[in-house]
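Me: I am new to this structure and would like to learn how to read its features. Could you walk me through a few?

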Amino acid sequence: MVFKIGLLGLGTVGTGVAQILLHPQGRHSLVSEIKIQKVGVRSLDKPRRVDLPLDLITTDLEAIVMDPEIDIVVELLGGLEPARSLILKAISQGKHIVTANKAVIARYGDEIYSEAHKQGVYVLLEAAVGGGIPVIKPLKQSLGVNRIRNVMGIVNGTTNFILTQMSSHGADFNDVLAEAQKLGYAEADPTADVDGLDAADKIAILASIAYNGRIKREDIYCEGIRNISAVDITYADNLGFVIKLLAIAQKINPDTDELQVRVHPTLLPKDHPLASINGVYNAVLVEGDPLGQVMFFGPGAGEGATASAVVSDITNIAGILISSGDSKILDPLLSSDHQHYCNVVPIEKVETRFYARFLCNDIPGVIGHLGTSFGHHNVSLESVVQIGMRDHLAEIVVVTHDVNEGDFRQALEEIKTLSAINTIPTVLRVLHS
Ligand code: HSE
């Protein structure tokens, strides 16, 4: 049986997908049953690194999603439009979808999956989170019988590379970002990565699978790494922590439907399983009942790794089509049919520890004033350390016990009004081991 695919996009990942499909030797036998029917590109003039017959390549993307010969549309364009419209049109034509596009799924997943369900087609997205790391299918299939307590991960390679470089060279964010851009690790416009938006798209997808419900993308609290300084990395190190950009989905109380979903830089104890994930690597730690913890680790981006995930989705669909024939009944372990929205609680309701750095006028009693203001708002302190002087100001670092984020923010508002306080350069959340 031959399955015909229409490839939308022949950039880095598209090229990797074509390379696998054009060289099936030594791979699963289903790979040789996948035929590239058409490839849609934005421009025909761009040089290509893959040996495809020229008559397969077209700029008419619409024609690909309407082509009655094509069984599976593989969307590798990225971005919201025209990706969303092309996916919906392909679904309306009864085509299965494989995509690596986390942004379009995180924002329009409800619309896309509703249509897919109506048409009896699959929308698979293994490559959208963690690049080559198999995490979507294991979470859905192998771990689905667990009650998931946490899914948390380092799911953005660019920011992990930047934080790792800052940590190992004591360099500041802007210098490392410029270096990463020169080396081609960071995009010319790094916003989606460094502001945490890419990680938020990815945790929306993971949370939706882990907690069997839709996630409103705008409910996800999201903070990036632009404000992290070499100073904080050093202080964190002295206190026994590393700083990582974490994407977290957590169910604190199994008896309620309340879910926390958030992305922010986090102080992680050095013995935490995610603390040693460095460079461009990604990892996702899942904790469930009765399973306990498992961690998925590997290359979170890159041509070959991401293409591996894309082609595995294509062969999954091919395998199902072979065994189920023309049946429109979707395999519940591969499809997503949940309709309800998860109850994502606002960040003010989260209970967490905090690290905060203050620059204060060096006057007697300043630490006492800080402690009093925190006390007014039920914020219990684990440690308060005066580090030394910076720019003629006393530098004080505070680590709290677990506190309510709303209370902590109110305490900060009060502290800002104290005459002894000059600035609060950094506030970060701290995770337990
Ligand atoms: N920009 C992403 C990252 C690539 O840095 O991880 C894959 O999603």
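Reply: Happy to. Let us start with Glu413, which is partly exposed at 47% relative accessibility; buried means under 20% relative accessible area, exposed over 50%, and partly exposed in between (1.4 Å probe, protein chains only). This is a predicted model, where local features need pLDDT of at least 70, side-chain atom pairs count only at pLDDT 80 or more, and totals for chains, interfaces and linings use all residues. Residues are numbered from 1 along each chain as its sequence is written, and side-chain values use heavy atoms, with hydrogens and water left out.

Me: Which residue does the side chain of Glu413 meet in a salt bridge?

Reply: A salt bridge is a side-chain nitrogen of Lys or Arg within 4 Å of a carboxyl oxygen of Asp or Glu. Glu413 pairs with Lys416 (3.1 Å, N to O). Both lie in helix 13, three residues apart, about one turn of the helix; helices (H or I, at least four residues) and strands (E, at least two) are DSSP runs, numbered from the N terminus.

Me: How many salt bridges are there by this rule?

Reply: The count comes to 25. One of them joins Arg49 and Glu303 (2.6 Å, N to O). Arg49 lies in the loop between strand 2 (34-40) and strand 3 (57-58) and Glu303 in helix 11 (residues 303-324), so this pair ties together parts 254 residues apart in sequence.

Me: What about the backbone?

Reply: Most residues other than glycine have a negative phi, and most peptide bonds are trans. Here, the peptide bond from Glu81 to Pro82 is cis, with omega near 10°. His392 has a positive phi, near 65°.
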